[in-house]
Amino acid sequence: MLASWQELIFPQRQFCALCQRPVSRRNKIKLCDRCLSQLNFVQEPFCQSCGRPLRLASVDGGKCSLCREHCFHFTQARAVAVYEGFWRECIHMIKYCRRHDLVEPLVGLMAQVLVQCWQGTELLLVPVPAAPARKARRGYNQAELLALELGRQIKLPVENGNLWLKEAKFMQSQLSSQSRAVNVRGAFAVHDPDAFVGKQVLLIDDILTTGWTASECARVLLGCGALRVDVLTLAVGAVQKAQLGLGKTTVRR
Ligand SMILES: [Zn+2]
Ligand SMILES: [Zn+2]
């Protein structure tokens, strides 16, 4: 509302989507330096598998301790920034407060990571599906909004609605990592497997927390004949192994 009034009064100016401070017209992502400086961007060294920041560059294949012990079905996950503080609030605004105006600028940051990591690759974008009841209650699935906007900005095809979540037995966010791994097993299905044959898929979601959900989606899509599945999210949880409560459980292939 504020932004639209400012645009009416100052039609020649552009404003930061988050704080409404004026930004240069050349600022394509419509986010000011002050807001961007509050984000903990994922930078080297990060885990080559799940994309979590590493404290030190690892000598063991560049993987975090989680990925050295547990096999995810996706090849590489990348995120814009760590899920904390201001960035967490931004994502919550899209997820819970219907701030759909933030989708375009936040996806602008995802597009930068995509170009950096997968430039020249023919990707098929696939949003991680939400439980039908949750989507009905919220009115939208934020992963779909992100994937459709990313497809628009980068001009990549989006396979939306093909991969679907059969049921949500439990609220994922309330489960421990071990329970999540078991809970998501067999939760996803596809309507038309042929759409994924020979494709390099990029799964799109808002947050990568434990990684089990994206891994299970990847398992299903690889089973359909996808060549490779990677993941791109707005945020990655910088959770420590101990906090995840991981024991000896591994995801069965
Ligand atoms: Zn700002
Ligand atoms: Zn990792």
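This is a predicted model: local features need pLDDT of at least 70, side-chain atom pairs count only at pLDDT 80 or more; totals for chains, interfaces and linings use all residues.

Trainee: What span does helix α5 reach from its first C-alpha to its last, and what is expected at 1.5 Å a residue?

Mentor: Helix α5, residues 103–118, has 16 residues and reaches 21 Å from its first C-alpha to its last, which is close to the expected 22 Å. The expected value is 1.5 Å times one less than the number of residues.

Trainee: Which residues of α5 are buried, and what makes a residue count as buried?

Mentor: A residue is called buried if 20 or more other C-beta atoms lie within 10 Å of its own, and in α5 the buried residues are Leu-106, Val-107, Met-110, Ala-111 and Leu-114. These buried residues pack against β3 (77–82), α4 (85–96), α7 (142–154) and β8 (228–236).

Trainee: Why is Arg-98 called exposed?

Mentor: Arg-98 has 12 other C-beta atoms within 10 Å, and because exposed means 12 or fewer, Arg-98 counts as exposed. Arg-98 lies in the loop between α4 and α5, and its phi is near 55°, a positive value in a residue other than glycine.

Trainee: How do you know whether Lys-155 is buried or exposed?

Mentor: Lys-155 has 7 C-beta neighbours inside 10 Å, and the limit for exposed is 12 or fewer, so Lys-155 is exposed. This residue sits in the loop between α7 and β5 (163–165), with a positive phi of about 60° although it is not a glycine.

Trainee: What kind of peptide bond joins Glu-44 to Pro-45?

Mentor: The bond is cis, with omega near -5°, and Pro-45 is found in the loop between α2 (33–36) and α3 (65–69).

Terms used
Residues are numbered from 1 along each chain as its sequence is written. Chains are lettered from A and ligands numbered from 1 in the order in which they are written. Helices (H or I, at least four residues) and strands (E, at least two) are DSSP runs, numbered from the N terminus. Two residues are in contact if their C-beta atoms, placed from the backbone, lie within 7 Å.
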